Amino acid sequence: MTWIVFDYGEVIAQRPTPEAFAQLAESVGAPTAEFEDGYWRFRDKFDRGQDALEYWQAVGDRAGVEVGPAEARKLTAADVELWNTLDPQSVALVAELAAAGRQLALLSNAPIAHGTAFRSREWAAPFEHLVISGELGIAKPDPAIWRALLDRLGAPAGEVLFLDDREVNVAAAKEAGIKAFVFTGVDDARRHIGEFDEEFHSPTGF
């Protein structure tokens, strides 16, 4: 059977609002612009399994504030919630696919704490596999992440459809032989899934 694999951020979950980032910065007394700059500047290592204290200290240094272990734990918990505003249409699509008996997986560039939290969320129940970069120590778009995904699924690349909001990740997935498309919304995702199903004559397609 074929697999449909979703990214998480800006696919299943909505991007945090500027107000949410401001609240996160305010929680440690940091200026928002500098804090958010550091948040993204150093995020790649965090997504690859970096210790949370090291990450938040780097963000804090960028923003001119000191971050200790207690603050790092608080920021990590708040960061998990920062990315917990779901797109209801995407969640509904996943539920519909699961009800149709489709094999579903999630592939996310996310820190270890996020992966732990995901497994307790109701939205994650339809996913047979949650492949989290922080737990593997590798991240999209690295070639190794696609090998890890395919090993986890036990499927050839051509039988996997991947939806991600970033073109660089989609391009890398295609390099690995995976059918991949930029996620621009549920309607477009349905079209790609339908085309994918036609290729394999799936009886549960859209």
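## Overall architecture

In this predicted model, 62% of the contacts between residues at least 6 apart in sequence join residues that are at least 24 apart. The secondary structure of the protein consists of 11 helices and five strands.

The protein has a radius of gyration of 18 Å, which agrees with the value near 17 Å that a compact globule of 206 residues would have. Taken along the principal axes, the box filled by the C-alpha atoms is roughly 55 × 30 × 25 Å.

## Burial, surface and charge

Of the 206 residues, 47% count as buried. The protein exposes about 9,600 Å², and carbon and sulfur atoms supply 51% of that area.

The protein carries 19 positive and 34 negative charges.

## Aromatic pairs around Trp56

The structure holds 17 aromatic pairs. One of them joins Phe35 and Trp56, whose rings are stacked, with 6.2 Å from centre to centre and 15 degrees between the planes. Phe35 belongs to helix H2 (residues 32-41) and Trp56 to helix H4 (residues 52-63), so this pair ties together parts that are 21 residues apart in sequence. Phe35 is buried, with a relative accessible area of 1%, and Trp56 also counts as buried, at 0% relative accessibility.

Trp56 takes part in a pair with Phe46 as well; the ring centres are 6.1 Å apart and the planes stand at 70 degrees, so this pair is edge-to-face. Here the link runs between distant parts of the chain, with Phe46 in helix H3 (residues 43-47) and Trp56 in helix H4, 10 residues apart. Phe46 is buried, as is Trp56. Ring pairs link Phe35, Phe46 and Trp56 into a cluster that also includes Phe21, Tyr39, Trp40, Tyr55 and Trp83.

His129 lies in strand E3, which covers residues 129-132. The residue counts as buried because its relative accessibility is 17%, under the 20% cut-off for that class.

When neighbours within four places in sequence are left aside, His129 is in contact with Trp3, Leu104, Ala105, Leu106, Arg152 and Leu153. Trp3 falls within strand E1 (3-6), and Arg152 and Leu153 fall within helix H9 (143-153).

Ala99 is found in helix H6, which covers residues 88-99. At 69% relative accessibility, Ala99 counts as exposed, since the class begins over 50%. Ala99 and Pro126 are 27 residues apart in sequence, while their C-alpha atoms are 8.7 Å apart in space.

## Backbone features in two loops

The peptide bond from Lys140 to Pro141 is cis, with omega near 10 degrees. Pro141 is placed in the loop between helix H8 (133-136) and helix H9 (143-153).

Glu10 lies in the loop between strand E1 (3-6) and helix H1 (18-26). With a relative accessible area of 33%, Glu10 is partly exposed, because that class lies between the limits of 20% and 50%.

Terms used: Residues are numbered from 1 along each chain as its sequence is written. This is a predicted model: local features need pLDDT of at least 70, side-chain atom pairs count only at pLDDT 80 or more; totals for chains, interfaces and linings use all residues. Side-chain values use heavy atoms; hydrogens and water are left out. Helices (H or I, at least four residues) and strands (E, at least two) are DSSP runs, numbered from the N terminus. Buried means under 20% relative accessible area, exposed over 50%, partly exposed in between (1.4 Å probe, protein chains only). Contact means heavy atoms within 4.5 Å. The radius of gyration is taken over C-alpha atoms; the globule rule is 2.2 Å times the number of residues to the power 0.38. Accessible areas come from the Shrake-Rupley method with a 1.4 Å probe; for residues, only the protein chains shown count as cover. Lys and Arg count as positive and Asp and Glu as negative; His and the chain ends are not counted. The place of a charge is taken as NZ of Lys, CZ of Arg, CG of Asp or CD of Glu. Rings of Phe, Tyr and Trp (its six-membered ring) pair if their centres lie within 6.5 Å; planes under 30 degrees apart count as stacked, over 60 as edge-to-face and the rest as tilted.
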